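Have the model open while you read.

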Amino acid sequence: MSDDFIVLMLSTDCNRDGAEQVTPVLQRAGYKEVHLAHSPGPLYAYHDEVPGWMHADMWILPLDAKLAMIYPPWCDYETIRRLDAIGYELIECPRDEIELYPTNAITIEPRRVIMNATAQKTRRLLEKHDVEVIAVEYDEVHKYGGGIRCNTMQLIRDKGPTIFS
């Protein structure tokens, strides 16, 4: 989310023991808060309608210090409350475009993202919030269930915004 605040999601990919192991490492790296988000499921099987249950980058996209886009149905309410409490402005991803994974974009600098070109409604919404969208054709990759960030992961970047400094 910023250079001093990270959302770590408990899910099938990270249980509480794993979070407890990685949290001190993140704190030593400079994170002042490691917020634990909670996955909305599953019980036993994968559910096509909720692909956001494994990774937080499927439902939250940091855009700038205290500005993010979220898809609330895949996010737990305590995370929304925490983001609000520390002053985040939250933009809600359009429901009819979530299958285009616009929240799984790459923020390359504050208010500048690389995002799937077919998410036109989301692009217009972000541009209304002064976020520059670099649109790339990416539909074929969605067939396996991933988005742009799934392919690139995190970028090593210059020092960015902080929340608690």
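This is a predicted model: local features need pLDDT of at least 70, side-chain atom pairs count only at pLDDT 80 or more; totals for chains, interfaces and linings use all residues.

Residues are numbered from 1 along each chain as its sequence is written, and side-chain values use heavy atoms, leaving out hydrogens and water.

Back to K66, which sits in the loop between β3 and β4. It isn't a glycine, yet its phi is positive, about 65°. D130 is another non-glycine residue with a positive phi, near 60°. You'll find D130 in the loop between α3 (120-128) and β8 (132-136), and it is exposed, at 61% relative accessible area.

| Residue | Phi | Relative accessible area |
|---|---|---|
| D130 | near 60° | 61% |

**The chain as a whole**

The protein chain has four helices and eight strands, in the order β-α-β-β-β-α-β-β-β-α-β-α from the N terminus on. These are DSSP runs numbered from the N terminus: helices are H or I with at least four residues, strands are E with at least two. Of its 165 residues, 43% count as buried. The accessible surface comes to about 9000 Å², and carbon and sulfur atoms own 51% of that; such areas come from the Shrake-Rupley method with a 1.4 Å probe. Looking at contacts (heavy atoms within 4.5 Å), residues 24 or more positions apart make up 57% of those with a separation of 6 or more.

**The sheet around β4**

Which strands make up the open sheet of three, and in what order? The order is β3-β4-β5, with mixed pairing. β3 and β5 are the edge strands, each pairing on one side only. On average, neighbouring strands here are turned by 25° against each other, direction ignored; angles run from 0 to 180 degrees between N-to-C directions, with axes fitted to C-alpha atoms, for helices over the stretch in contact.

On one side, β3 (residues 60-64) pairs with β4 in the antiparallel sense over four bridges; two strands pair if DSSP finds at least two bridges between them. Along this pairing, I60 stands opposite I70, and P62 has A68 as its bridge partner. The hairpin leaves two residues between the strands, and K66 takes its positive phi there.

Together, β4, helix α2 (residues 77-85) and β5 form a right-handed β-α-β unit.

Is β4 buried or exposed on its two faces? In a regular strand the side chains alternate between the two faces of the sheet. For β4 (residues 67-70), both faces are covered: L67 and M69 on one side, and A68 and I70 on the other, are all buried. Finally, α3 lies across β3, β4 and β5, at about 155° to β5.

Methods
Buried means under 20% relative accessible area, exposed over 50%, partly exposed in between (1.4 Å probe, protein chains only). A crossover is right-handed if, with the strands pointing away from the viewer, the path from the first strand over the helix to the second runs clockwise.
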